[in-house]
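Thanks for coming, everyone. Today I want to talk about aromatic rings. Let me put the structure up.

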Amino acid sequence: MKNRELEKIAKFIRKQIFEFKTSSGQGHLASSLSLVDILVSLFYDDETDFNHEKDIVIFSKAHGSPAIYPILADFDYFPKDELEKYCRVGGILRLHSDWTIPGCYHIGGSLGNGLGYASGLAYANRNKNIYVILGDAELYEGSIWESLMFISHNKLSNLKIIVDRNGLGILGKTEELLKLESLVDKFKSFVGSGKQIN
């Protein structure tokens, strides 16, 4: 799919997120909008390896997880009118995605826990690709680095880590709050120089 088509899809997804978030008055709008390009790339771009019918996406950045709701509706995991019931009685879509929602597998909230959960899932299901999305400010959590040691030790190549590097945490810019760079070097120290990190 061409970039222009992907941009058009991303714009439409953002519009839907804005509508159901603002009409309900619930959740973190900016955190969800920040994930749209990542999710559109995974689900709609033929050049990615992600397969929504086989692979699993875990939102360690749980407050951004509602970004996936319009995409799952578009892929017929549930009726599109569920978006209008977001965080309302009778609807299936909650503030954070969880395993009761078709196409979702984990509930998060406490930062850093999603990567540990995803690493256990990847360890138990080595024939399945597990994608985990982290917020960059979430990398302040020590549990992230403990999980990376476990992932490295067990050579979990089926676990794909995506960091939403928007440079922002809830309190401000990440590099002003607590410097994270160079993230590439930090991640390479766990996987070795022969592995690809983007």
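Is Tyr44 buried or exposed? Tyr44 is buried, because its relative accessible area is 10% and the cut-off for buried is under 20%. Keep in mind that this is a predicted model.

Now the wider view. How many aromatic pairs does a search of the whole structure find? The answer is 10.

Take one of them. Phe20 and Tyr86 form a tilted pair. Their rings sit 4.8 Å apart, centre to centre. The angle between the planes is 55°. Where are these two residues? Phe20 is in helix α1, which covers residues 3-24. Tyr86 is in the loop between α4 (69-74) and α5 (113-124). So the pair ties together parts that are 66 residues apart in sequence. What about accessibility? Phe20 is buried, at 3% relative accessible area. Tyr86 is buried too, at 0%.

Next pair: Tyr44 again, with Phe75. The ring centres are 5.2 Å apart and the planes are at 55°, so this pair is tilted. Tyr44 belongs to helix α3, residues 36-44. Phe75 is in the loop between α4 and α5. Here the parts tied together are 31 residues apart in sequence. And the burial? Tyr44 we have covered: buried. Phe75 counts as partly exposed, with 24% relative accessibility.

Notes:
Residues are numbered from 1 along each chain as its sequence is written. This is a predicted model: local features need pLDDT of at least 70, side-chain atom pairs count only at pLDDT 80 or more; totals for chains, interfaces and linings use all residues. Side-chain values use heavy atoms; hydrogens and water are left out. Rings of Phe, Tyr and Trp (its six-membered ring) pair if their centres lie within 6.5 Å; planes under 30 degrees apart count as stacked, over 60 as edge-to-face and the rest as tilted. Helices (H or I, at least four residues) and strands (E, at least two) are DSSP runs, numbered from the N terminus. Buried means under 20% relative accessible area, exposed over 50%, partly exposed in between (1.4 Å probe, protein chains only).
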